[in-house]
Amino acid sequence: MSVKDAINWRKAVKSYINKPISEEDLNAIIEAGRLAPSAYGVEPVKVVAIKSDDAKKAILPAVLEGNHKKINTAPVTLVLLAANGEYASDTEFLTERFSRWLPSEMVNGYVQAVQGVINGAVDANSFSDHQTYIAAGFITLQAADLQIGSNVMTGFDPQALEKILAKYDVLDKNRYHPTLLISLGYYDANEPMVAFRRTRISHDDFAQEI
């Protein structure tokens, strides 16, 4: 499937059929998020895959009721985590990231520059939060290429979800926080109300040139 075909195929799916996603396909979807663009190569994003019925049930109290059916019926729901501003700007964290690809004499300069960007923002978390949205785009596009439906959700209580994920030992609240949920699965396009016909504003309304 071409990129354009995948974009046109994708819709926001409201419920899914009882069909598992193979490990190969799930790994490909997650890998697309891992390889998504990342400002300065800092990579302040992580993913938790919710697969077990126990974990699905556990996170529901933290999620708006309108999203419950998506999570209950999806074989997998991804939780995208963003590094807290304090952690993302930590000298040791940034030094490790930059030492992977920068000459040693340039690392300190990059660390200080990124610390200035993060700490100078109105919301220090925004540096990482914005990059989860980029990863989400790549994840949903790769899913579409595999003809796997998806739905990106922000309707949840971040603090409540943090506590639940911490109990499963997949989230250190001092370092990361949840920003997005993405349900994944196959769906019956002929079933009413599963995926609405996608409509968009015109190209001229969307884009301008100066």
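**Notes on the sheet, its helix and one glycine**

1. Let's start with the sheet: four strands make up an open sheet, ordered S1-S2-S4-S3, with antiparallel pairing. S1 and S3 sit at the edges with a single partner strand each, so one side of each has no neighbour in the sheet. From one strand to the next, the twist averages 25°. Helices (H or I, at least four residues) and strands (E, at least two) are DSSP runs, numbered from the N terminus. Two strands count as paired if DSSP finds at least two bridges between them.

2. A word on what you're looking at: this is a predicted model, where local features need pLDDT of at least 70 and side-chain atom pairs count only at pLDDT 80 or more, while totals for chains, interfaces and linings use all residues. Residues are numbered from 1 along each chain as its sequence is written, and side-chain values use heavy atoms, leaving out hydrogens and water.

3. Now look at S4. Strand S2 (residues 76-83) pairs with S4 in the antiparallel sense over eight bridges; valine 76 has leucine 184 as its bridge partner in S4, and alanine 82 has histidine 177. Strand S3 (residues 149-153) runs antiparallel to S4 too, joined by five bridges, and glycine 149 is partnered with glycine 185 of S4.

4. Is S4 buried or exposed? Buried: 10 of the 10 residues of S4 (residues 176-185) are, so the strand is largely enclosed by the rest of the structure. Here buried means under 20% relative accessible area, exposed over 50%, and partly exposed in between (1.4 Å probe, protein chains only).

5. Next, the helices. The axes of H2 and helix H8 (residues 126-145) come within 7 Å and cross at roughly 150°. Axes are lines fitted to C-alpha atoms, for helices over the stretch in contact, with angles from 0 to 180 degrees between N-to-C directions. H2 and H8 are therefore roughly antiparallel (angles over 145 degrees count as such; under 35 is roughly parallel, 65 to 115 roughly perpendicular, and the rest oblique).

6. Who meets whom? Ala28, Ile29, Ala32 and Gly33 in H2 meet Ala135, Phe138, Ile139, Gln142 and Ala143 in H8. Contact means heavy atoms within 4.5 Å.

7. Finally, find glycine 41, in the loop between helix H2 (23-34) and strand S1 (45-50). Glycine 41 is partly exposed, with a relative accessible area of 21%. Not counting residues up to four places away in sequence, glycine 41 touches Arg97 and Arg100.
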